[in-house]
Amino acid sequence: MSVNSLVEHRPLIGIAIATFNRKEILKECLDAINQNLYPNIFICVVDDGSSDGTSEMLATSFPLVEIIKGDGSLWWGAATNKAIKSCLESKCDYVILLNDDCLLLETTLDQLVQRANEYPDTVICPVVTDVNNPAEVWWAGSSWGAHKYLPFFWLMRQRFKHRSPSTLLPKTPYNTSEFTGRATLIPKIIFNTVGLIDSKNFPQYGSDNDFSLRVTSKYNAIVDPDNKVLLYVEKAGQNTSGSLISLPIKFFKMMFFRKHGEALFYWWKLHKRHTPKYAFLPSYLLTLIIIFLRVFKISTFFKKLKMEK
């Protein structure tokens, strides 16, 4: 339900959240939304079969939130689609994709709407920062396309490395090829034109990559460096931290198991759909190599070795 149905002159913002067995972090996420200064919002949470009392907590602590229950088979893509549909059926002008491990600031929604007025029919993304180190950037835009010197290799590259200081960001909004479920504001016209998330081919990981590339092939998406959202980095998907002994198991799970990434399958489908035929296979193989290097921290090892010389 709308938090304040009397504020009809402000665009109605729908917030679509998918969750599974993360009751405490979801509560913190919703508490942060309720502290926001923007008055006209609709929140839909899809609880995909949680067994930790998530739905009961929502009914007790957040009675105005629309709750849709799943049976545990939806995963992020289908669960988010259900939340998006609920927002659109409730006549929301914009839908925000929000992961439950993100915290909005008091002014986040107001700033998103202000940018949406300046950039009509455009996806608006805040900068994502670590909740424990808000001055450090976790995500601030991505680029998709051929490598400058290697045209056979198409890659998704972050515009700013993890832990970059926020002072490095541009002063004005800039384009991004990709966006995530971390407080991204999407005008309803985009769903009418592009459709929803392809949850059949990308049920969990890769669903936001594919959807954003489909969207940015027709519409613009920008990052607003003046707006940010906080992320529990350790709760985010595909965290590669861990002991050296555990890394082979972590890599295996990331390759083959949906809960941990299913990267072998989703990157195949993503490159097949969005990469030119001449670059498909080399791009796919290079992506897997990069994942291997990242999980086993090989590039980090060589950097440290170089520093010690």
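Guide: A residue is called buried when its relative accessible area is under 20%, exposed when it is over 50%, and partly exposed in between. The model to which this is applied here is a predicted one.

Visitor: Why is K269 called partly exposed?

Guide: The relative accessibility of K269 is 33%.

Visitor: Which residues does K269 touch, not counting residues up to four places away in sequence?

Guide: K269 touches N201 and F202. Contact here means heavy atoms within 4.5 Å. A further relation is to Y284: 15 residues separate K269 and Y284 in sequence, and their C-alpha atoms are 9.4 Å apart in space.

Visitor: What makes α6 roughly parallel to α8?

Guide: The axes of α6 and α8 cross at roughly 10° and come within 10 Å. An angle under 35 degrees counts as roughly parallel, and therefore α6 is roughly parallel to α8. The residues that make this contact are N209, D210, L213 and R214 on the α6 side, with Y266, L270, R273 and H274 on the α8 side. Sorted by class, they comprise three nonpolar, two polar and three charged residues.

Visitor: How do you know that helix α6 is largely enclosed by the rest of the structure?

Guide: Helix α6 spans residues 207-216, and eight of its ten residues are buried, so the helix is largely enclosed. The buried residues of α6 are S207, N209, D210, F211, S212, L213, R214 and V215.

Visitor: What makes helix α4 mostly covered?

Guide: Eight of the eleven residues of α4, which runs over residues 108-118, are buried. They are T108, L109, D110, Q111, L112, V113, R115 and A116.

Visitor: Why is T108 called buried?

Guide: T108, a residue of helix α4, has a relative accessible area of 0%. Since buried requires a value under 20%, T108 is buried. Leaving aside neighbours within four places in sequence, T108 is in contact with N36, N227 and K228.

Visitor: Why does V128 count as buried?

Guide: V128 lies in strand β6 and has 0% relative accessibility. The limit for buried is under 20%, so V128 counts as buried. Beyond four places in sequence, V128 touches E136, V137, W138, W139, R182, V229 and L231. V229 is 101 residues from V128 along the chain, with 5.1 Å between the two C-alpha atoms.

Visitor: Helices α1 and α2 also have axes within 10 Å of each other. What makes α1 roughly parallel to α2?

Guide: The axes of α1, residues 23-34, and α2, residues 54-61, cross at roughly 30°. Under 35 degrees, an angle counts as roughly parallel, and therefore α1 is roughly parallel to α2. The crossing of these helices is right-handed. Contact is made by K23, L26, K27 and L30 of α1 and by T54, M57, L58 and S61 of α2. By class, this contact has four nonpolar, two polar and two charged residues.

Visitor: What makes the phi of D121 worth noting?

Guide: Most residues other than glycine have a negative phi. D121 is not a glycine, yet its phi is positive, at about 55°. The residue is placed in the loop between α4 and β6. At 40% relative accessibility, D121 counts as partly exposed.

Visitor: Where is E262, and is it buried or exposed?

Guide: E262 is in the loop between α7 and α8. Its relative accessible area is 17%. Buried means under 20%, so E262 is buried. E262, although not a glycine, also has a positive phi, of about 50°.

Visitor: How do you know what confidence the predictor has in the chain?

Guide: The mean pLDDT of the protein chain is 90, and 91% of its residues reach 70 or more. Over residues 1-6, however, pLDDT is below 50, and this stretch has 14 contacts in the model beyond near neighbours in sequence. Residues 301-309 also stay under 50, and for them the model has one contact beyond four places in sequence. Where pLDDT is low, the predicted coordinates should not be read in detail.

Terms used:
Residues are numbered from 1 along each chain as its sequence is written. This is a predicted model: local features need pLDDT of at least 70, side-chain atom pairs count only at pLDDT 80 or more; totals for chains, interfaces and linings use all residues. Side-chain values use heavy atoms; hydrogens and water are left out. Axes are lines fitted to C-alpha atoms, for helices over the stretch in contact, and angles run from 0 to 180 degrees between N-to-C directions. Helices (H or I, at least four residues) and strands (E, at least two) are DSSP runs, numbered from the N terminus. Angles under 35 degrees count as roughly parallel, over 145 as roughly antiparallel, 65 to 115 as roughly perpendicular and the rest as oblique. A crossing is left-handed if the near helix is turned anticlockwise from the far one by less than a right angle, and right-handed if clockwise. Ala, Val, Leu, Ile, Met, Phe, Trp, Tyr, Cys and Pro count as nonpolar, Asp, Glu, Lys and Arg as charged, and the others, Gly among them, as polar. pLDDT is the predictor's confidence in each residue, from 0 to 100. Buried means under 20% relative accessible area, exposed over 50%, partly exposed in between (1.4 Å probe, protein chains only).
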